[in-house]
Amino acid sequence: MRAQPGQLVRQSLVFAAAVLFCNPHAAAQKVPAATQGPSVAPTFVLGNATDYAGIERCRSCHKPEYRQYQKTAHAKVSVPGKDYVSGCESCHGPGKAHADAIEAAEGDEGKTKLALEEHPIFSFAVNARISSALEQTPIFKFRSNAKENAARCLLCHTSSKQQEFFEHSSHAAHGLSCNQCHTSHLVDEVKDQSKGELTSPQGHFFQVPQLPDEVRWLHSSLLKESEPKLCFSCHNNVQAQFALPMHHRVPEGLVKCTDCHNPHGSLNHASLQKPNYQGCVSCHAEKRGPYIYEHPSLKVEGCTACHTPHGSTNRMLLARREGRQLCLQCHTGFHGQAGVPHGRLGFQTSGECTRCHVAIHGSNLDPALLR
């Protein structure tokens, strides 16, 4: 005898209740969240315990650096079981020989200057105690070449996807190191004031309130300058694009360069955070889809096939002033063919293509994107 529809529903409910009764955790199951590991995996250049001076001896000479450094997360880093490796020496290396050499100078300016030089010359008449201490000084001053400076930071900053591609990034290829953008202590930073502040009218009229420099530094990955000012110091051509009438609100401070780009490198074009158009639809969600009938160029070239993301003189950041001219860069073989409602030159009487093809980003109803 065939079961009635109502009986089937009741049987299904009874079965589901039985499953939940046997496994009460089944009702609480959720889609697994993406794993997100720590941003750093600490690795240190370790020496003998007798080679370390301790942060108190560093503070005796470097008071401004010490005060700023203590406000950062770096100050909380230490090696388990090796408490003598902490503070300044976790980045600069063991400092006892360096401290002894400075103390041996006994305030003499000439001897102190020699002790502070990165490559000291021992032909001068200095006592043997200073010479022997300087020969053993392992202090890393972050004044080496870009590759060695970055390698010291990457001892720890290797486990995050934000940093793992840095050695293959365009910044590394152009000889930039971490300490050219970041600083562990915001003191004695030489800032170029010759160019002034942002000069675009948009940045002048719509600038968002700026945080104090130290607060901004502590809450923006220890960057020496705020975005986009720091990026514009090298990318002057991009700064000019953002001064155009239509642009993303980067000069105004509402959007940051790192919202779209990963400065440490990625596998995507132009070091984008996300591939193709995925970065754009993070904000422009109404263009995301999915659509039954998609605009092929969106999947192949992405949004930049039609739009210039940094700035444009055209509405909607279009690459061409007239939308129909932009469409005809790809759609060159449709006009004049059978079944096409307008000839090769007849499209001009209809105006812009989007007067008819309104669903330009994709449609769920019409393959010609008419609606």
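How many salt bridges does the structure hold? Nine. By salt bridge I mean a side-chain nitrogen of Lys or Arg within 4 Å of a carboxyl oxygen of Asp or Glu.

Some ground rules. This is a predicted model, where local features need pLDDT of at least 70 and side-chain atom pairs count only at pLDDT 80 or more, while totals for chains, interfaces and linings use all residues. Residues are numbered from 1 along each chain as its sequence is written, and side-chain values use heavy atoms, with hydrogens and water left out.

Now the overall picture. The chain has 16 helices and six strands. Those are DSSP runs, numbered from the N terminus: helices are H or I with at least four residues, strands are E with at least two. The chain has 371 residues, and 25% of them count as buried. Buried means under 20% relative accessible area, exposed means over 50%, and partly exposed is in between, with a 1.4 Å probe and protein chains only. The accessible surface comes to about 24,700 Å². Carbon and sulfur atoms account for 59% of that surface. Areas come from the Shrake-Rupley method with a 1.4 Å probe; for residues, only the protein chains shown count as cover.

Contacts next, meaning heavy atoms within 4.5 Å. Take those between residues at least 6 apart in sequence: 61% join residues at least 24 apart.

Back to the salt bridges. Start in helix H2, residues 55–61. Glu-56 and Arg-59 pair there, N to O at 2.5 Å. They are three residues apart in that helix, so about one helical turn separates them. Both partners are partly exposed: Glu-56 at 45% relative accessibility, Arg-59 at 34%.

Helix H5, residues 96–105, has its own pair, Lys-96 and Asp-100. Their closest N and O atoms are 3.0 Å apart. Here the spacing is four residues, so again the separation is about one helical turn. Lys-96 is partly exposed at 30%, and so is Asp-100 at 21%.

That pair does not stand alone. Arg-57, Lys-96, Asp-100 and Glu-103 are linked in a network of salt bridges.

One more pair: Lys-287 with Glu-286, at 2.7 Å, N to O. Lys-287 is partly exposed, at 27% relative accessibility.

Lys-147 sits in helix H8, residues 146–153. Is Lys-147 buried or exposed? Exposed, at 71% relative accessibility.

Asn-262 is in the loop between strand E3 (246–247) and helix H14 (278–281). Asn-262 is buried, at 4% relative accessible area. Its side chain reaches the backbone nitrogen of His-264 at 3.0 Å. That is a polar contact: a pair of N or O atoms within 3.5 Å; within protein, one must be able to donate a hydrogen and the other to accept it, and residues adjacent in sequence count only if both atoms are side-chain atoms.

Last, His-307, in the loop between helix H15 (296–300) and strand E5 (311–312). It is partly exposed, at 25%. Which residues does His-307 touch, not counting those up to four places away in sequence? Met-316, Leu-317, Leu-318, Ala-319 and His-361. With Met-316 there is a polar contact too: its backbone oxygen lies 2.8 Å from a polar atom of the His-307 side chain. Arg-320 is 13 residues from His-307 in sequence and 8.5 Å away in space, C-alpha to C-alpha.
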